[in-house]
There are 2 protein chains.
Amino acid sequence: MDSSGLFKEIRNKRSFLCVGLDPDPQKLPGSVFETDDPVFEFNKKIADATASFAVAYKPNIAFYEALGATGWWSLEKTIEYIRKKYPEQLLIADAKRGDTGNSSERYARAFFDNLGFDAVTVSPYMGMDSVKPFLSYKDKWAVVLALTSNSGAWDFQVDVEDKSVYPLYEKVLAKTSAWGDIDNMMFVVGATREDMFYRVRRIVPDHFLLVPGVGAQGGSLENIARSGMNSRCGLLVNCSRSIIYSSGGEDFDSAAGKKAGEIQQLMEMLLREKELL
Amino acid sequence: MDSSGLFKEIRNKRSFLCVGLDPDPQKLPGSVFETDDPVFEFNKKIADATASFAVAYKPNIAFYEALGATGWWSLEKTIEYIRKKYPEQLLIADAKRGDTGNSSERYARAFFDNLGFDAVTVSPYMGMDSVKPFLSYKDKWAVVLALTSNSGAWDFQVDVEDKSVYPLYEKVLAKTSAWGDIDNMMFVVGATREDMFYRVRRIVPDHFLLVPGVGAQGGSLENIARSGMNSRCGLLVNCSRSIIYSSGGEDFDSAAGKKAGEIQQLMEMLLREKELL
């Protein structure tokens, strides 16, 4: 899917919601443990409850890797299930990979060819040859970390001590955006950095941004949309915990659907405000 | 194992060699495919042939992830085998992970608790909360990327255009070294950057450095040792392809052992030169 296809899907769904699939075994409801693959069962029910309100799903690979080979099976089955039943959804591996060219090629193969993801989050620290292998697949995306939503973003991405130089996240946006285009590259820009969306948009006005940090991490959807949206929406806003653990009980899926529906309604209003619907 | 234990082992083996276990199915000899698990079979034979010349093994996780769940099984078996038969070896997961605190905790659990590694390579881009979870395990190590050996290192780690500021890799060394100590933190410093070892050693004189890029990538062991060694050696030099694919034929293990032995002899000479033996 390219950026036009993604915008079309955003208009169809009246939503730019990405649902984070971060299954924590300690938070899953009892009933899913009665099945062979509790993580897959949980993801399947969350997807069924939320697919009509979302345009993307983003499994955080750390949650699967913590479960070893079993976790990989659950991930493979999750992707296969969503791909088949909801082929319109963009599937993003939140893997934050990045290695020498030779190794990044293998990560690209793992997530694009083998698992069938549409996009992978990529760390820019190791530079061009670490990012490029993710850009050489047709209709696939590298989602480069620029300004993340965690507290550690201030350590290197935004160096507040040195006001004379461009902060690292701006260098990353300026430099890496030249390696790809708006159809194979997005950037992670955290919702907890609302004031910086204007600076980000000066450098990459047309790219899609993947925005974590709304909900449990405290970012405001309205502010993000108003400062970060472009003429083709240009935003995918991710919610994980606030949706998938909306209820810890056996109504987890209907509660997740209800929460996703509320977010979709707000997103629809924001898209109308920008005259994109 | 702490830094004293590692130095002791370096003196025992008269070597500071780390062997990179990067099994590429296209390069493995035919005989290993006659077994149930070719990757494990290859690693096992490489380990048996090289263990007496090495103090560490470093599987590059990209090579295993490219094989899906099967690759994770091969990795688990490899680590279990080396841990049991060669308990003195330091086992480093070359994973280059780094995510929000919550997710990094899961990666730490995956590599330290579940797989039983001693060390994990970690990307510093996301800052303190992304690194700290790897530092909270007793006798385990975070190996932080500082100056990598690939061409992309020049994009952000060393910003040659701006001479007025400290390069990013120096900021990373200075800042992250305060989050841990010489017993739970090492740094990746590529062998292709020989001239910079002096600068690195001004900032982190006492830490162990994990040095990739000797051999296939062109770095010189002698130069690295002379500019980077400290009073407790302080270096782990990794060789991957130049050892494990020393021969592509059925003598791959004896050829790997021969090559590792040659490197060990050179390392012994360099340790003596520094009066560490």
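1. In which sense do strand S5 (residues 141-147) of chain A and strand S6 (residues 185-189) of chain A pair, and over how many bridges? The two strands pair in the parallel sense, over five bridges. One facing pair can be named: A:Val144 stands opposite A:Phe187 in S6(A). The model is a predicted one, and the points below should be read with that in mind.

2. In chain A, eight strands close into it in the order S1-S2-S3-S4-S5-S6-S7-S8, with parallel pairing. On average, neighbouring strands of this sheet are turned by 30° against each other, direction ignored. As background, strands of a sheet pair through backbone hydrogen bonds, either parallel or antiparallel.

3. Helix H10 (residues 221-228) of chain A touches strand S7 (208-211) and strand S8 (235-239) of chain A. The direction of H10 makes about 165° with that of S8(A). Helix H12 (residues 252-273) of chain A also packs on the sheet, where it touches strand S1 (17-21) and S8 of chain A. For H12, the angle is given against S1(A), and it is about 155°.

4. A helix pair in chain A comes next. The axes of helix H2 (residues 38-50) and helix H4 (residues 68-85) of chain A come within 9 Å and cross at roughly 25°. Angles under 35 degrees count as roughly parallel, so H2(A) is roughly parallel to H4(A). The crossing of the two helices is right-handed.

5. Which residues make the contact between H2(A) and H4(A)? From H2(A) come A:Val39, A:Phe40, A:Asn43, A:Lys44 and A:Ala47. From H4(A) come A:Gly71, A:Ser74, A:Lys77, A:Thr78, A:Tyr81 and A:Ile82. Sorted by class, this contact has five nonpolar, four polar and two charged residues.

6. For chain B, the corresponding helix pair can be described in turn. The axes of helix H2 (residues 38-50) and helix H4 (residues 68-85) of chain B come within 9 Å, crossing at roughly 25°, which makes H2(B) roughly parallel to H4(B). H2(B) passes H4(B) in a right-handed crossing. Among the residues that meet here are B:Phe40 and B:Ala47 in H2(B), and B:Tyr81 and B:Ile82 in H4(B). The residues of this contact divide into five nonpolar, four polar and two charged.

7. How are the two chains related?

8. Chain A gives 44 residues to the contact and chain B gives 44 residues. On the side of chain A that touches chain B, the elements giving two or more residues are helix H3 (61-65), H4, helix H5 (101-114), helix H6 (128-131), helix H7 (153-156) and helix H8 (168-176). H5(A) supplies the largest share, seven residues. By class, this side of chain A has 19 nonpolar, 14 polar and 11 charged residues.

9. Why can the copies be said to meet through the same surface? Because 100% of the interface residues of chain A are also interface residues in chain B.

How values were computed:
Residues numbered from 1 in each chain as written. Chains lettered and ligands numbered in written order. Predicted model: local features only at pLDDT ≥ 70, side-chain atom pairs only at ≥ 80, totals over all residues. Axes fitted to C-alpha atoms, helices over the stretch in contact; angles between N-to-C directions. Helix = DSSP H or I, 4+ residues; strand = E, 2+ residues; numbered from the N terminus. Parallel < 35°, antiparallel > 145°, perpendicular 65-115°, else oblique. Left-handed = near helix turned anticlockwise from the far one by under 90°. Contact = placed C-beta atoms within 7 Å. Nonpolar A, V, L, I, M, F, W, Y, C, P; charged D, E, K, R; others polar. Pairing = 2+ DSSP bridges.
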